[in-house]
Amino acid sequence: MVGIEALPFSSTDRETMLAKLKSEEFDILIIGGGVTGAGIARDATLRGFNVAIVDKNDFAFGTSSRSSKMAHGGFRYLKSFEFGLVKESEAERNWLRNDYPNLVRPLPIVAPSFEGEKYTMTILKLGVFLYNFLDKGKNFRKGYTVKDINKVKEMEQGLTTNGLRGFGVIYDTNIDDGRLTIESIKEAVFSGKCVAANYVKITRLEHDAAGKCCGAWASDQEKAGDEFLVKARIVVNATGIWTDTLLQNKPAGYPAKIIRPTKGVHLIFKQEDVPINNGFGITSHIDGRFYFVLRRENHVVIGTTDTDYKEDLDGPACTKEDAEYLLSTVRLKFPGAKADFEHMVGSYAGVRPLAAPRVKEGETPSESSVSRNHEIIRSEDDLVSICGGKLSTFRVMAEDLMLKEVLPLAKVKIPGKTFDSKKNIARKPYLMGMTRQAFDAEPIVKEFATSGKLDGEQLAHLYRQYGKAALLILASTKEEPKLLEPIVPSEPSKYAPWILAEVTFTVLHDSPVHLVDILARRLEIQWMVHPSKQAAAARLVASLAGSMLGWDKARQAQEIKDYLAYVQRNSFFYDKPLE
Ligand SMILES: Cc1cc2nc3c(=O)[nH]c(=O)nc-3n(C[C@H](O)[C@H](O)[C@H](O)COP(=O)(O)OP(=O)(O)OC[C@H]3O[C@@H](n4cnc5c(N)ncnc54)[C@H](O)[C@@H]3O)c2cc1C
């Protein structure tokens, strides 16, 4: 129908991928299937490289499914004069909005200025001016400031006007970070030049007689004892917060540990409980930090925090203290909001892979002052590592790595083969990208809209998440009408638009291995649905996915148990058993 039936990336393809990993030699092995590794895979295949990409867990398991989920310029980085970073991020946001319009959705953000706060109207005016100026007027809307308090009352009835001096409005976008990651990997796979496997952990690097990196040892996390060598001319370490584990032989001048991990949490509410029309950037009454209260369709996402993190990198979670810090200011600024634990729907936490700044001995910069710029390091054994940066700039990070380190290395290590060194090679439309207008004009969409088989919320959701692939999902329900059933029937579709056809689609086209992959990183159900409703959804999805993947009753039960344990770890606000 849209040509993607022939472009599967099915869970059952994993064995084929593993066989290739074991037998082929690659131009590049990318360790880490977060958005950074995914962007490198997409860029590298467009340049003609044969690539392998592996992740020790699921794709997007790390920070790339736990961000604030915005492709944005980074308004707050203007404060630290990071104009280059803001300009670059705004340009990337604009590209993504144009070339992946269903996934990258407009998000107006109101930044109010209150008496006694550091962001005066003069500062806001300057900030909005710079934000407009740095993106050269290419954003979909221009930011502005307003001093008239009555305007606020018209726009946002929930915001207190106590001490309000005025506000600025900027335009950014929201995104599903996990979906961006998986679609970037899929584009590399669809090129025919990329082998991608999740649950493959790199345990150590392989070196040739000259001491240079020529591959890495991998272990299949799904089959105990299955260890094998992945041969590659060039090895890239894109492991985010885990960078230091593989990074040895650093050139002189770098600190012992490159990564300075800081934790950020998010809280999710229904929009009826935190009634805002736009997104907000507010300053904490506790320490003056800037953070977001974001509108995400019919939910509100509040975050984030920024605190040094020394615990388990694989399992960061939001605590009561993290949440209280965020909620206390929200209650002051939105007095009618039910911003309490009782009304909370979900929470999640992520850890930033910030590159530790090189500072003088004895100095410790604050968490928020650590730059969001990326760092590329070529070790003495030619391992190329990349860390820091942002989700929004993943394409330029990939390109920077390719042009500065990989292409020069390829000249020496892959003689006789030529690769494209063009700038902006990956600045092109995503295969699944689609405008809403084009979607609505499709006969199958018209048919579903008029027949009432799916309501407006469900159709809009399918469009946003899948773009062109939504047409395939709709078509699949014609053959099997049962797939139209909702995954969370106990919630109205405005809060839970997911249908069973998304599960069959994701198993056939997104390569999940476990139930948690489907519910946490492919469908967003884990953090958008209250814990009390998770067990029923898990049972339904495990049964359907299990029937496609050959899971027997015991395996289904184990998948459900593991998933609910994951949900529980992220639900400090709900102490009842999940069953
Ligand atoms: C709270 C928070 C909010 C944020 N909000 C935004 C935002 O709104 N917009 C924005 O632009 N940026 C945002 N960021 C930053 C952005 O999310 C990160 O910069 C980005 O996701 C990092 O991606 P990554 O691929 O480098 O790391 P990760 O996504 O962590 O990927 C690294 C991967 O490497 C794998 N791995 C590790 N070790 C091995 C091994 N030995 N073998 C195989 N695989 C391995 C891991 O499993 C992991 O999947 C935010 C970050 C945080 C923490």
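The model is predicted.

A backbone N or O atom of V35 lies 3.2 Å from a ligand oxygen. A polar backbone atom of K56 is 3.0 Å from a ligand nitrogen. From H72, a polar side-chain atom lies 3.4 Å from a nitrogen atom of the ligand. The ligand on its own has 1,000 Å² of accessible area, and the protein covers 96% of that area.

Charge pairing was examined next. Side chains of opposite charge can pair when their charged atoms come close. The structure holds 40 salt bridges. One of them joins the side chains of R93 and D172, with an N to O distance of 2.7 Å. This pair links distant parts of the chain: R93 sits in helix α3 (residues 83-99) and D172 in strand β6 (residues 164-174), 79 residues apart. Both R93 and D172 are buried.

A second salt bridge pairs K333 with E117, and their closest N and O atoms are 2.3 Å apart. K333 belongs to helix α8 (residues 320-333), whereas E117 lies in the loop between β4 (105-114) and α4 (121-134); the pair therefore ties together parts that are 216 residues apart in sequence. K333 has a relative accessible area of 7% and is buried.

The salt bridge between D517 and R521 lies within one helix, α15 (residues 515-522). The closest N and O atoms of D517 and R521 are 2.8 Å apart. Because D517 and R521 are four residues apart in this helix, about one helical turn separates them. D517 and R521 are both buried.

Salt bridges also form a network. Its members are D43, R47, E92, R395, E399 and R427.

Definitions and conventions: Residues are numbered from 1 along each chain as its sequence is written. This is a predicted model: local features need pLDDT of at least 70, side-chain atom pairs count only at pLDDT 80 or more; totals for chains, interfaces and linings use all residues. Side-chain values use heavy atoms; hydrogens and water are left out. A polar contact is a pair of N or O atoms within 3.5 Å; within protein, one must be able to donate a hydrogen and the other to accept it, and residues adjacent in sequence count only if both atoms are side-chain atoms. Accessible areas come from the Shrake-Rupley method with a 1.4 Å probe; for residues, only the protein chains shown count as cover. A salt bridge is a side-chain nitrogen of Lys or Arg within 4 Å of a carboxyl oxygen of Asp or Glu. Helices (H or I, at least four residues) and strands (E, at least two) are DSSP runs, numbered from the N terminus. Buried means under 20% relative accessible area, exposed over 50%, partly exposed in between (1.4 Å probe, protein chains only).
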